[in-house]
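These are my notebook entries on a structure that I had not examined before. I record what I looked up, in the order in which I looked.

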Amino acid sequence: MTADPLAGDPAAVTKLSRALADRQDDLRTGATTVARAADDAADWEGASKDRFSATVGTIAPAAQRIIGRLDAAIDVLGTYADEVRQIQDEAERIRASQLTTAMDSALTALSLSTAKLAAAAKDATDADARQARRLQSDADDLAATASRLDAEWDALVRRRATAERAASAGLSDTEVLGVAPSYSGTLGRMSDADFLAAVAAMPPEVLAAQDPSVADRLAGMPAETVQAWWDGLGGRGTAGEHSAAQDALITALPAVIGNLNGVPYWARDQANRLSAQRAYAQASGALRDAQDKYGKAVGRAAQAAAQRELISAQERYDQLKNFSAGARTQLDLVDQVPRQMITFHDGAPPLGAFSVGDLDTADGVSFLVPGMGSSLADTTQYMRAGANVLATQQQVGADTAIVSWIGYEAPPNAASTGNLGVLGETYADRGASKLASDLVAFRAVRPDAQLNVIAHSYGSTTTALTLARNPDLGVHSFVTLGSAGIPSSVPDAAATHADHMYAAQAAEKGDIAYIGRKYSFPHRLDPADGFDGVTRIDTTGTHRVNIHGLTAGQGSGDRGYLDIGTPTLSDVAEVTQP
Amino acid sequence: MRVQWKTEIVIVVGALVALGVTACAGGGQSMPTPKEAKAAAVELLLKTEAAVDVPWPETPEPSAEKCPGGVRFGYFVPVKTETDARSVAQTFQRLWKSEGLTVEPSQKDFGGEGGILYSATADADGAAGAAYQVNATSVVVRITSPCASGSVDDYDE
């Protein structure tokens, strides 16, 4: 590679250096603001304050580390700009001298040629001979000058190359990057134990900058390994009290930690809230862009394409908005309990699960698995239905939690889309592996807790496959509400491996569950009708359930399976309490 | 066989679409405004609270829920208190029946410290609805307003 001594714009390098200095100022201001907020919260007490203080405590050191690295980068860029400026000045001097020398050499060569002819003529004088010798001497001097200037140019080329290597090395140095460029490769060659120790030792901004393979390797670790590793970073921890290393991992790798089996649910919650917040912000921006694009689309084809994009953006926005709202939506509880965003996968569609109650400590945990047409856009609706179960259990003194598990792509609503996927098993089959993963993960960290599954509609199809394929989950009660049918591969309650199986089937308006079973292919069984080993939950009588949904609300004249004040709710609460 | 399958698919889609249409219908009656609907619910809540002497909390902010063609408001009032659950349940039933509601009571024995949980729902066409769940250590009342004009999206879900 040849370095051109005249190339480049040192003024631009200086400008970049100044911009980095401005960033330093911003960082200092931000760190000061955070420190001031910490001072302002001096009177604040309790677990949330502890958690806040722990987080704030990590910000100033992280900011200082980045400021230090920017310092190093500014030094390198400043040195490089000065050097390039000097080289360019020198290069211009040499180029000017070379030009002058070349012109003088040409003129001298012409004069010398004339003088030599004159000195060789018959009538030549001594003066002619002296003139020719003088011009020859000048030509020799000019040739020497040209040669010296060429050598100086070559030296300048080498100097410029050295300056560029120095800048490149300086900007790649650990003082600037905080990590050796080969670090990801080094991690890849480590044993699991060394890898986990190295990851835990990284500052958050360094960890966040690592190659995706680091996150992938973490995500693939067995839950038991992750649990031991996490606990070694300062104990199991709580939302209010945990180590700086644990906090760094949540901050740097939220998408990994939020779904990492073996990590406590309080940490997954904090990580997933970060991920969901970012996804929601991104979806809001995408919706604005799609609206703008639709407004500007010209022509039928372009409008149709823009409309499809807008519908898709609106759908994703609605899903992420409602999932985020799960953190604050009003729930009918006797005692307010923590809420935990226990999984979040920002895919298409986005999927996730929200717990009402503390999954790290509750004596009993029920997963509520929804059916046809469900998506994250329905998160708060399922949380409210689940909260009715929880409130009833709170009334009788039970310490429980209920998870609205919207962790699989449910079949679309057949009525509104015409999609008949609900009649098949494909969606249940795919969903079963996801549900199994989350139930296995729960069991890994909470072997002592009672585990139940309450499955609505097509959720019972998905759950039946899950439980049949995973005999070691230790499920206490499997409850189906308005089941869309149990696959024939799960012929009786014993095949689900649950200690108890219960089924509620109402005479629903529109016979939704009945239609789902009747036209299913392959044919599915009604768990509430002749399914061996099932205890039927009564939905008849004066207070009969009469709709397919979980809640209808008083005043509507209708009853859902989990409406407050109904015997069906009492029955479900009873069979899913420790 | 194939023809029969296709025919049944058409029937299924027809039935489901018809259901979807039915579910969206019913908006023909004039609806109360949200303010009127809330007032009706709060009136029933205050009468309910006056009927039973327990330390009721302040009237809470209502939750907003979807209802056919509009929005309704739910007032959930839990009280932790030692009480004669059976007597409280009967008092609620008498009151709500006198208000013209159809009351559907039930009870379930949870055993242990939970004891017997007395429950009921109560409805009347176009009026505020109600529900209770009462045991020896707690009283829970939920009053729901009639369906009002508007959208649940107006209440920051």
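**Entry 1. The contact between the chains**

How many residues of chain B are in contact with chain A, and how many of chain A with chain B? I found 44 residues of chain B in contact with 37 residues of chain A; a contact means that the C-beta atoms of two residues, placed from the backbone, lie within 7 Å. This is a predicted model, in which local features need pLDDT of at least 70, side-chain atom pairs count only at pLDDT 80 or more, and totals for chains, interfaces and linings use all residues. Residues are numbered from 1 along each chain as its sequence is written, while chains are lettered from A and ligands numbered from 1 in the order in which they are written.

I then asked which elements of chain B supply this side. At least two residues each come from α1 (2-24), β1, β2 (70-80), β3, β4, β5 and β6 of chain B. Helices (H or I, at least four residues) and strands (E, at least two) are DSSP runs, numbered from the N terminus. The most is given by α1(B), with nine residues. Sorted by class, the side of chain B that touches chain A holds 21 nonpolar, twelve polar and eleven charged residues. Here Ala, Val, Leu, Ile, Met, Phe, Trp, Tyr, Cys and Pro count as nonpolar, Asp, Glu, Lys and Arg as charged, and the others, Gly among them, as polar.

**Entry 2. Chain B**

I counted three helices and six strands in chain B. In sequence order they follow the pattern α-α-β-β-α-β-β-β-β. Of its 157 residues, 39% count as buried; buried means 20 or more other C-beta atoms within 10 Å of a residue's own, exposed means 12 or fewer, and partly exposed lies in between, with C-beta atoms placed from the backbone.

The six strands form an open antiparallel sheet in the order β1-β2-β6-β5-β4-β3 of chain B; strands pair if DSSP finds at least two bridges between them. At its edges I noted β1 (63-67) and β3 (102-109) of chain B, each with a single partner strand, so one side of each has no neighbour in the sheet. On average, neighbouring strands of this sheet are turned by 15° against each other, direction ignored.

I looked at one pair in detail. Strands β4 (residues 116-123) and β5 (residues 129-135) of chain B run antiparallel and are joined by five bridges. Tyr118(B) stands opposite Val134(B) in β5(B). Helix α3 (residues 85-98) of chain B lies across β3, β4, β5 and β6 (138-144) of chain B, at about 5° to β4(B). Axes are lines fitted to C-alpha atoms, for helices over the stretch in contact, and angles run from 0 to 180 degrees between N-to-C directions.

**Entry 3. Chain A as a whole**

Chain A is divided into domain 1 (10-177), domain 2 (183-252) and domain 3 (336-575), with bounds from an automatic or database domain assignment. The C-alpha centres of domain 2 and domain 3 of chain A are 34 Å apart.

I counted 19 helices and ten strands in chain A. Its radius of gyration is 37 Å, well over the 25 Å that the globule rule gives for 578 residues, so chain A is more spread out than a compact globule. The radius is taken over C-alpha atoms, and the rule is 2.2 Å times the number of residues to the power 0.38. The C-alpha trace of chain A spans about 145 × 60 × 45 Å along its principal axes. Buried residues make up 43% of the 578.

**Entry 4. The sheet and helices of chain A**

Which strands stand at the edges of the eight-stranded sheet? The order is β1-β2-β4-β3-β5-β6-β8-β10 in chain A, open and of mixed pairing. I found β1 (339-345) and β10 (534-537) of chain A at the edges, each with a single partner strand. The twist averages 20° from one strand to the next.

Strands β5 (residues 450-456) and β6 (residues 475-481) of chain A pair in the parallel sense over six bridges. Ile454(A) has Val479(A) in β6(A) as its bridge partner. Helix α17 (residues 458-469) of chain A packs on the sheet, touching β3 (364-369), β5 and β6 of chain A, and its direction makes about 140° with that of β5(A).

Last, I checked burial. In helix α19 (residues 567-575) of chain A, eight of the nine residues are buried, including Leu569(A) and Val572(A). Arg159(A), in helix α3 (residues 126-172) of chain A, counts as partly exposed, with 17 C-beta neighbours inside 10 Å.
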